[in-house]
Amino acid sequence: MADSVAAGVGEEKETENEDKEREKRAFNNTNRSEKSGGPSEVTETLGFYERNANKKDKKRNLSDLSLVRFISAELTRGYFLEHNEAKYTERRERVYTCLRIPKELEKLMTFGFFLCLDAFLYVFTLLPLRVLLALIRLLTLPCCGLRANICPYCRKSSGSRILQPAQVCDVLKGVIMVLCYSMMHYVDYSMMYHMIRGQSVIKLYIIYNMLEVADRLFSSFGQDILDALYWTATEPKERKRAHIGVIPHFLMAVLYVFLHAILIMVQATTLNVAFNSHNKSLLTIMMSNNFVEIKGSVFKKFEKNNLFQMSNSDIKERFTNYVLLLIVCLRNMEQFSWNPDHLWVLFPDVCMVIASEMAVDVVKHAFITKFNDITADVYSEYRASLAFDLVSSRQKNAYTDYSDSVSRRMGFIPLPLALLLIRVVTSSVKIQGSLSYVCVLLFYLGMITLKVLNSIVLLGKSCLYVKEAHMEEKLFQTPPSAAPSRASSRAHRAKHTSSPPGDPADEEVSTSITTQPVHQEECPAPHLPSSESDQFLTTPDDTEEKDIGQDGMELKHRAPKKDLLEIDRFTICGNRID
């Protein structure tokens, strides 16, 4: 009996030893397979490992494949964002850029608005005074025709100009304004209002869109017409005549200003009808037209230069809309006998139009900068570019009036808009009695004061922006000779673009920005000066453009300097067509 019990205990010990040796061998085989890294030994399924076919006899823990453990793994699963730090840092910077866009954009818009206001007030304030001075000079200089070498009264030689080129341009502007104002009296605003009001809403919406496109086209071609007139009237007479004459150019300029003023009048009348509609449906449709602009701009590729052109166009559009709203308010106040209570009725609609315009501009620029990886600092460069125009127009060697430079840069031509505003004000406000004339005189003096203060503040801010952009050394450089932009005229201009060694243009210019420009008569072949900013604010674009070679006859391809201040040569009212 004892032997049988002992034998049973011995068999149990032997089986336990065999089991332990079997487990050791299985454990060693598992470690060898993991070290060898063979993919055939262990497979992965939903994050869990299962044995091969030769280990199916082993017991498996069924709790590892339970639904509870899977849900627990999904709830506690983690990841590390620092493994892709560059990507998330870039996304954060894009968010910060979008948040900075409204502030930087409104800084540029505010500066551009006051630039347009300065050019607009110039037509009402300083231009009449300059025309008056030019006419006084014409009337007081018959003594210079007495063939005397030096006139004892005006101290001018008989061979000198009677009027300086700037004075000739001022007289032409004044005459154009007077003629167009007399022609505007034949246009009946009331009849135009009732004709437009009788149209359907959809038709008015289409008309308003067509007027916006026509306004841009008129602004683009109109500035070329005015520039051609100014150059034709002031071109040196010793040159060979290559134009059709001053009178045809003058007639084209008068026709352009008159037609553009009529177009803006129709645009203002349509906006007035929208304000006076009972259900405000037309005003809502016209405001929604601004949001359609987002669809046409956001999903296009933009470079820095293209964004600068669009920013200038937005500045011009915003200022024009403000003037149109002013005209609408004047017409409505006249109809209600200048009742101030009606002004508060119009005030919500005016604020709604302005707010929608600002919201569209912010959203449009924010997403354009986001999709094209443009930083918000680019608007500071644009502001410095506009400031450089203002400061350079005060130089001794300035080549254009500041109001004309604003017209070329932004597509904003103040003459038609000022003509329409004068027409509306004179028809809405009745002047009777001596007290009314005194009020008009005081109002004119107030406008002159506003113009002078605005010019002083703008000049100071512009000098600050130019200094911050490190461009002040460009102001004191002699402007290079202009390279013609058309191949058809390059042979003719090549005779005049190169100045002789003794050209006074090579001398050092004055550092004052308020000195009046001096006409250089010693130069036998005056060249066409171009902007001083030809070497300023270049962008790293590697496209190619045509340029004149040293002989002035062959065109060469090279990498251009795409300057922000030369964009107006390739734009249509601030919008480049690529």
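Okay, let's start inside: the second largest cavity has a volume of about 90 Å³. This is a predicted model, where local features need pLDDT of at least 70 and side-chain atom pairs count only at pLDDT 80 or more, while totals for chains, interfaces and linings use all residues. Residues are numbered from 1 along each chain as its sequence is written, and side-chain values use heavy atoms, with hydrogens and water left out.

Of the 13 residues lining that second largest cavity, Lys173, Ser403, Asp404, Pro414 and Leu415 are the closest to its centre. A quick word on terms: on a 1 Å grid over the protein atoms alone, a cavity is a set of points where a 1.4 Å probe fits but cannot get out, a pocket is an open set with protein on both sides within 12 Å along at least five of seven lines, and lining residues have an atom within 4 Å of a point. Points are joined across faces, edges and corners, and a volume is the space filled by probe spheres set on them.

Helices α3, α7, α13 (402-410) and α14 each supply at least two residues of that lining; helices here are DSSP runs (H or I, at least four residues), numbered from the N terminus.

How many cavities of 30 Å³ or more does a search of the whole structure find? Five. The largest cavity holds about 150 Å³ of space, and its lining includes Tyr208, Glu212, Asn290 and Glu357. Helix α9 (281-298) is among the elements giving two or more residues there, and α9 has the largest share, four residues.

About 1,300 Å³ of space lies in the second largest pocket. It has 36 lining residues, and Phe124, Ile422, Val425, Phe443 and Met447 are the closest to its centre. Helix α15 gives the most to this lining, seven residues. By class, the lining has 32 nonpolar, three polar and one charged residues. For those classes, Ala, Val, Leu, Ile, Met, Phe, Trp, Tyr, Cys and Pro count as nonpolar, Asp, Glu, Lys and Arg as charged, and the others, Gly among them, as polar.

Last, a helix pair. The axes of α3 (residues 85-124) and α12 (residues 378-392) come within 9 Å and cross at roughly 15°. Axes are lines fitted to C-alpha atoms over the stretch in contact, with angles from 0 to 180 degrees between N-to-C directions. So α3 and α12 are roughly parallel to each other, a label for angles under 35 degrees.

Technical notes: Parallel < 35°, antiparallel > 145°, perpendicular 65-115°, else oblique.
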